[in-house]
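Dear colleague,

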Amino acid sequence: MHKIMFIKGLQDKFKVKSGLRYLKEEMEKPPVPVNREKGITSIGCIVDADNFQNAEAFYELIGEYSLKPNAIKIIGYKREYDKSSPYAIQMYSDRDLGWKGQIENGYVLEFLGREYDMLINYYEEDNLMMKLLSVKAQARLKVGLGTQDPKVNDLILSTPLKDFELFKGELKKYLKVLKEL
């Protein structure tokens, strides 16, 4: 039993190293341009569900930006979660890390299968799993919080994670400046 746990731990360590190497390579490449017209019609959100429990709040952007009901796709990250527990949004965790930076989760594959006008990276931690998803997601405009790596985001808002109302206000202000709204 202990031998199996040791091997699993070793394998996880190598997966993390492999993921970090992949992330470094991806961040050094120039971003792939997404050919979508200006204007926000689809939004992807990667949310740190461990530190921000109200991920469904992003659905408020549907009304704020006059979007179609299915225009927002939210995926939450939790270090560990119970797959049998009901969550209001789709989740992924550290257990979903595969080799070479792959995330082995059907929800993630579905999330990455779409192109977005805007990707919101709503997390403050420097976390491999959230950064991998941010780097892999295809979006014309990537928005993050002040503590994040500027290589991942085009626009960084210095608002606290817990103050969603302030984030929403700042985001709307900058989207108008960028003539996206």
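Are Phe52 and Phe164 buried or exposed? Phe52 is buried, and so is Phe164, where buried means under 20% relative accessible area, exposed over 50% and partly exposed in between, with a 1.4 Å probe and protein chains only.

Please keep in mind that this is a predicted model, in which local features need pLDDT of at least 70 and side-chain atom pairs count only at pLDDT 80 or more, while totals for chains, interfaces and linings use all residues. Residues are numbered from 1 along each chain as its sequence is written, and side-chain values use heavy atoms, with hydrogens and water left out.

Phe52 and Phe164 form a tilted aromatic pair, 5.9 Å centre to centre with 35° between the planes (rings of Phe, Tyr and Trp, the last by its six-membered ring, pair if their centres lie within 6.5 Å; planes under 30 degrees apart count as stacked, over 60 as edge-to-face and the rest as tilted). The ring centres of Phe58 and Tyr122 are 5.1 Å apart and their planes are at 80°, so this pair is edge-to-face. Phe58 counts as buried because its relative accessibility is 0%, and Tyr122 counts as buried at 0% as well.

Leaving aside neighbours within four places in sequence, Phe58 is in contact (heavy atoms within 4.5 Å) with residues including Cys45, Val47, Ile72 and Ile120.

Best regards
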